[in-house]
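Trainee: Could we go through how the labels on aromatic contacts and burial are assigned, setting each value against its cut-off?

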Amino acid sequence: SEPFALRVLGDSMLPEFEEGNIVIVDPEGAVHDESYVMAMVDGEYIFRQLRIVEGKYYLQPLNDLYDTIEISGFKDIAGVIIQKSIPGKRKARIKYS
């Protein structure tokens with residue numbers, strides 16, 4: 001699987017990721033606690049921060065207005081966010097792994 005780009009929609013990952021930011025997702029990236037990930041939840045993809053606490057796996061939003069979701073484990077992870085770009089700012093790139 002090749003890395004691919006997605007545009008951030010919504011405000012669940014504010015303040016780190018604003019709506020309109022472009023994220024690069026690596027389907028084969030190394031997943032660990034605090035990784036930013038794309039995961040499958042109830043048949044839909046969701047962008048959150050992975051938290052591993054006492055052997056349980058959670059998808060945590062950065063915006064406190066949204067709920068944290070428990071998942072069954074790494075099999076629900078579709079990819080790891082490895083980079084963020086801000087449209088209109090050529091040098092505004094942040095790497096995450």
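Mentor: What follows concerns a predicted model, and we begin with its ring pairs.

Trainee: Why is the pair of Phe-17 and Phe-47 called edge-to-face?

Mentor: The ring centres of Phe-17 and Phe-47 lie 4.9 Å apart, where a pair requires centres within 6.5 Å, and their planes stand at 80°, where edge-to-face requires over 60 degrees, so the pair is edge-to-face. This pair links distant parts of the chain, with Phe-17 in the loop between E1 and strand E2 (22-26) and Phe-47 in strand E4, 30 residues apart.

Trainee: What makes Phe-17 and Tyr-96 a tilted pair?

Mentor: The centres of the Phe-17 and Tyr-96 rings are 5.4 Å apart and their planes meet at 40°; planes under 30 degrees apart would be stacked and those over 60 edge-to-face, so this pair is tilted. Tyr-96 lies in the segment after strand E8 (93-95), 79 residues from Phe-17.

Trainee: How do you know whether Phe-17 counts as buried or exposed, and where does Tyr-96 fall?

Mentor: Buried means under 20% relative accessible area, so Phe-17, at 0%, counts as buried, and Phe-47, at 11%, counts as buried too. Tyr-96, at 22%, counts as partly exposed, because that class runs between 20% and 50%.

Trainee: What makes Lys-84 a charge that sits over the ring of Phe-17?

Mentor: The charged end of Lys-84 is 5.3 Å from the ring centre of Phe-17, where the distance cut-off is within 6 Å, and Lys-84 is accordingly listed as sitting over that ring.

Conventions:
Residues are numbered from 1 along each chain as its sequence is written. This is a predicted model: local features need pLDDT of at least 70, side-chain atom pairs count only at pLDDT 80 or more; totals for chains, interfaces and linings use all residues. Side-chain values use heavy atoms; hydrogens and water are left out. Rings of Phe, Tyr and Trp (its six-membered ring) pair if their centres lie within 6.5 Å; planes under 30 degrees apart count as stacked, over 60 as edge-to-face and the rest as tilted. Helices (H or I, at least four residues) and strands (E, at least two) are DSSP runs, numbered from the N terminus. Buried means under 20% relative accessible area, exposed over 50%, partly exposed in between (1.4 Å probe, protein chains only). A charge sits over a ring if NZ of Lys or CZ of Arg is within 6 Å of the ring centre and within 35 degrees of the ring normal.
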